[in-house]
Amino acid sequence: MIAKPSRATLALQGIDPNRLPRHVAIIMDGNGRWAQGRGYDRIYGHRRGKDSVKAIVEISREIG
């Protein structure tokens, strides 16, 4: 059976690991406006923003 590549492996395809930043800043701005512009409640935008940040943090930890 062929092993499924990890998310970190997939994320690094075509990227030089030596050129990755050591620190990343995430500015949470516009999630509520994004949601309202699509007809959702502002809180929906905040939840989607939280989900995006969680995914970024998890994959960053996997990458190292």
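How many nonpolar, polar and charged residues are in the lining of the largest pocket? Seven nonpolar, three polar and one charged; Ala, Val, Leu, Ile, Met, Phe, Trp, Tyr, Cys and Pro count as nonpolar, Asp, Glu, Lys and Arg as charged, the others, Gly among them, as polar.

This is a predicted model, where local features need pLDDT of at least 70, side-chain atom pairs count only at pLDDT 80 or more, and totals for chains, interfaces and linings use all residues. Residues are numbered from 1 along each chain as its sequence is written, and side-chain values use heavy atoms, without hydrogens or water.

**Colour by confidence.** Mean pLDDT (the predictor's confidence in each residue, from 0 to 100) is 89 for the protein chain. Helix H1 (residues 7–11) is lowest, at a mean of 79. Helix H2 (residues 31–37) is highest, at 95. Helices here are DSSP runs (H or I, at least four residues), numbered from the N terminus.

**Select H3, residues 42–63.** Its end C-alpha atoms are 32 Å apart, in agreement with the 32 Å that 22 residues should span at 1.5 Å a residue; the expected span is 1.5 Å times one less than the number of residues. Now pick Gly45, Gly49 and Ile59, the buried residues of H3 (under 20% relative accessible area). Seen down the helix axis, they fall within an arc of 100° (from directions to the C-beta atoms), so they line one face. Turn to the face away from them: Arg47, Lys50, Lys54 and Arg61 are exposed (over 50%).

**Step to glycine 64.** Glycine 64 sits in the segment after H3. Its relative accessible area is 94%, so glycine 64 is exposed. Select alanine 8 too: the two C-alpha atoms are separated by 8.8 Å, at 56 residues apart along the chain.

Technical notes. Helices (H or I, at least four residues) and strands (E, at least two) are DSSP runs, numbered from the N terminus. Buried means under 20% relative accessible area, exposed over 50%, partly exposed in between (1.4 Å probe, protein chains only).
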